[in-house]
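Please look over the structure below. The text after it goes through a few places in the chain.

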Amino acid sequence: MHSNQDDLQMDVKKNNINNILPALFQPFSLRNITFKNRIFVSPMCQYCSDDGHVNVDWHFAHHGRFALSGVGGAMVEASGITRNGRITHSCLGIYKDSHIKNLSKIVSIYHSQNIPIGIQIGHSGRKGSSASPLEGAAPLIHYDPSQAWETIGPSAIAMTEGWPVPRALTTNEIEDLIDAFSIATKRAVKAGFDFIEIHGAHGYLVNSFFSPLANQREDYWGGEKLENRMRFPLRVAEAVRQALPDETPLFYRTSCVDGVEGGVTLNDTIALAKELKLAGVDIIDCSSGGMTGPSGRTRKPPYPGYLVPYADEIRRKADIATMVVGLIIEPTQAEKIITDGSAD
């Protein structure tokens, strides 16, 4: 048995190690989960699923290599909360109980290396019913109508020229989708994931409710008032939080700015982040763009660390932890972001 003196010596040793480690390799905790360092595997679509199911050979190899790399944490790719909530036919889903079995095996791969693993859940909205990138990433309706499905959104506004106009959701359908987020979360918990991320970025459904470019409703769920456009993201966050154990962290990925005139501004996102914190979100995962074009990009050319100023300002003004991506490619660059307090 350890004595109190032994425990004290272990604590001192741990603190001494942390004092000499670079900030990038120091642990970080959210609720009851501790990430052993600040390097994180982002959710990356693999486009190799069948009816939303894990492709055993591919996904296990893909995640196995990251689990062996010593990262602090990792996240499984965007997974549709409904069948038509996938981006493509080959995207992962979490809309069936049969998805749980092999998702839990991905969890086991990371847990075998003592790495926390989460999953990003979302709905594609008006950007769904698309071909995979290898097939051109265009709307299916243009070249394979038999495989296409109806897209939905807050308003009947196409993403951009050449894309189909989505059907505007009814109030009952909105409530059903909030329930679908809750049910998907419960499946993720059964699979053993350590945390959940809501995909509220890149022009997909949750993000499209927040943006005035996509949401021009004249009711409780949207329009000119920021308060109304925040309502769907907040209701989703509340539903997911309620479906999670108290000790499980909740992430929220956002496009900090639309990068298009008339779109979401950083001040809008700071206001949302403050409300998300009250709803039980623990960290804001900062990206940008995607409302009228490719995910992660705006009309301004990216540069190394181009999203860091957004994460920094959200962290300070909303008083919430942040996570950031965007051409962070040098160790010294990543270390400075942490030591400056620009992101966690």
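Predicted model: local features only at pLDDT ≥ 70, side-chain atom pairs only at ≥ 80, totals over all residues.

Residues are numbered from 1 along each chain as its sequence is written, and side-chain values use heavy atoms, with hydrogens and water left out.

Arginine 187 sits in helix H4, residues 171-191; helices are DSSP runs of at least four residues (H or I) and strands of at least two (E), numbered from the N terminus. Because its relative accessible area is 15%, arginine 187 counts as buried (under 20%; exposed is over 50%, partly exposed in between, with a 1.4 Å probe and protein chains only). Its side chain makes a polar contact of 2.8 Å with the side chain of aspartate 97. A polar contact is a pair of N or O atoms within 3.5 Å; within protein, one must be able to donate a hydrogen and the other to accept it, and residues adjacent in sequence count only if both atoms are side-chain atoms. A polar atom of the arginine 187 side chain also lies 3.2 Å from the backbone oxygen of isoleucine 94.

Glutamine 46 is in the loop between E3 and helix H2 (56-67). This residue is buried because its relative accessibility is 17%. Beyond four places in sequence, glutamine 46 is in contact (heavy atoms within 4.5 Å) with Trp58, His59, His62 and Glu77.

Isoleucine 39 lies in the loop between strand E2 (33-35) and strand E3 (40-41). With 34% relative accessibility, isoleucine 39 is therefore partly exposed.
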